[in-house]
Amino acid sequence: MAATASQAVHGPILDVERVRRDFPILDRTVNGRPLVYLDSGASSQRPVAVLRAVEEYETHSHANIHRGVHALSQAATEAFEGARERVRRYINARSTKEIIFVRGTTEAINLVAQSFARPRFKAGDEIIVTALEHHANIVPWQMVCEQTGCTLKVAPINKRGELLFDEYVKLLSPRTKLVAIAHVSNALGSILPVKRIVDAAHAQGAVVLVDGAQAVPHAHVDVRALGCDFYAFSGHKLYGPTGIGVLYGREELLESMPPWQGGGDMILTVSFEKTTYNGLPAKFEAGTPNISGAVGLAAAMDYVESLGLDAIAAHEHRLVELATAELQKIPGIQIVGTAANKASIVSFTLDGVHPHDLGTILDHEGVAVRTGHHCAMPLMTFLGLPATARASFGVYNTEQDVRSLVAALGKAREVFG
Amino acid sequence: MDLKELYRDVILDHNKRPRNFGKLEPADSRADGHNPLCGDRLTVFLRMSGDRVEDIRFEGKGCAISTASASLMTEAIKGKDKADIGTLFGKIHSLLTQQNAVADSSLGKLAALSGVREYPARVKCASLCWHTLNAALERSAGARNETPAAVSTE
């Protein structure tokens, strides 16, 4: 949404030096060198605005929510429900009833697997995922397959890391009950054509879940424009706290689903003969939730929108382009994942140096990258790689960070001769 | 701490040219090791003569620490019996995990692994081959033709 960017405090161009001052952790050193944090895809750092919001809530407003009439309980409830409204606006959901607070993307997907899929799928039904999914969008569906006898189908990708859309469409049939896809690949950065995927699935009557963990920090997500039925994401990749995430679900689907966990807050009345369940969204939020986490997530969304998602996307795109160009100049570097449409992630290997050794050497230079299979072992198997190193960018990364990465890779080549 | 303390010449050499690398056929025992954190996988093959390791080979894909450690291990234990290997395993374990452990002369080239303990995230890379060896030794004491034993660092 261009309107968001034009209203941004920092203007449509990200003032990175100013942004960096919002993140106190960036002042620290690692192994005697300035921290170069290129692992926001695993977890982003938190701005002061988020740290303060959490501290403010814990210091002045904490009590349990939806319980008791005292002032603090009211304040806590307002903070928590205010956060829900903040999330609704962030993804443009129709109603706060469609916003379920969970621990993170993983829990959101498991909720849909166990409450939506498990009770209604049966042998002969099919679930489609893509070949580039994170384990969190594979294993919950495998569990449903074991539990119900339904079958998991895998839509293939090419070596560039792009979904083979026609192959995906061929897999669709009236047997397809659910399609579960990443919005952005965590290992390669590929952006999937979610709208087209959704439209094709809906044409066959299938429901679509989108794993948006890697998408929400980088681009404006409008769940109604995408048309998806479920959308899952985590707070901690969006400059918010860990242990808080969101499941968006279309209201009529959530209404039709049984509760997932039982306990306090998700009931209206309880007797030993008959318990009646609460309405949405409480039905899916048994027990005391992560209240300060929700407050922190809301503050993170305020912060991100104050920078402007268009400005963030443009900034990160520049860094990806620069990193791709600079890394390709280094002999022996292979960029893994060259999709035409990419967000914020550059995965790579260096000939003769295992990614795990690369990670250690880069860390020695103060450069934090993720190395390994990125919780996407089937994808690594498809690519014929045991692992890659992955640089992922956030709002606070600079062109100098890219140059530091390049210099550190030079060091790795030096060590391994 | 200098990176050269971790990546000593001996380590880099054994990574580049791993000794005793490849399948051993026929083998009396084998075991697979897996480090899910970094995706390292290796297989240890043994040919036994009673309690003594007559021949050992390994294969797999791993980082420099994992490959060099396995290569050095095969050189160190070839010809040794289970009791000696047990003693060596104890010494290696101390070397990799205890800050003030001193490499005694019986460790020979294995002492080059002492830099690993400064990098806690990498200790499992160096110890994977030893755990896999133990599994293969245990397996050699039992039936031969069962599926290979598997160990994981997790």
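**Salt bridges and a sheet in a predicted model**

User: Which residue does A:Asp125 form a salt bridge with?

Analyst: In this predicted model, A:Asp125 forms a salt bridge with A:Lys122, and the closest N and O atoms are 3.7 Å apart.

User: Why does that count as a salt bridge?

Analyst: The pair counts because a side-chain nitrogen of Lys or Arg has to be within 4 Å of a carboxyl oxygen of Asp or Glu. In general, side chains of opposite charge can pair when their charged atoms come close.

User: Is A:Asp125 buried or exposed?

Analyst: A:Asp125 is buried, with a relative accessible area of 5%.

User: Where does A:Glu365 lie, and where is A:Arg33?

Analyst: These two form a salt bridge, with their closest N and O atoms 3.4 Å apart. A:Glu365 lies in the loop between α13 (355-364) and β15 (367-368) of chain A, and A:Arg33 lies in strand β2 (residues 33-34) of chain A, so the pair ties together parts that are 332 residues apart in sequence. A:Glu365 is buried, with a relative accessible area of 17%, and A:Arg33 is partly exposed, at 35%.

User: How many salt bridges are there over all chains?

Analyst: The count comes to 31 salt bridges over all chains.

User: Changing topic: what is the order of the strands in the open sheet of chain A?

Analyst: The open sheet has 7 strands in the order β4-β10-β9-β8-β7-β5-β6, with mixed pairing. Strands β4 (99-102) and β6 (151-155) stand at the edges with a single partner strand each, so one side of each is left without a neighbour in the sheet. On average, neighbouring strands of this sheet are turned by 20° against each other, direction ignored.

User: How many bridges join β9 to β10?

Analyst: There are 5 bridges between strand β9 (residues 230-234) and strand β10 (residues 245-249) of chain A, and the two strands run antiparallel. The bridge partner of A:Phe230 in β10(A) is A:Gly249.

Key: Residues numbered from 1 in each chain as written. Chains lettered and ligands numbered in written order. Predicted model: local features only at pLDDT ≥ 70, side-chain atom pairs only at ≥ 80, totals over all residues. Heavy atoms only, no water. Pairing = 2+ DSSP bridges. Helix = DSSP H or I, 4+ residues; strand = E, 2+ residues; numbered from the N terminus. Axes fitted to C-alpha atoms, helices over the stretch in contact; angles between N-to-C directions. Buried < 20%, exposed > 50% of the residue type's maximum accessible area, 1.4 Å probe, protein only.
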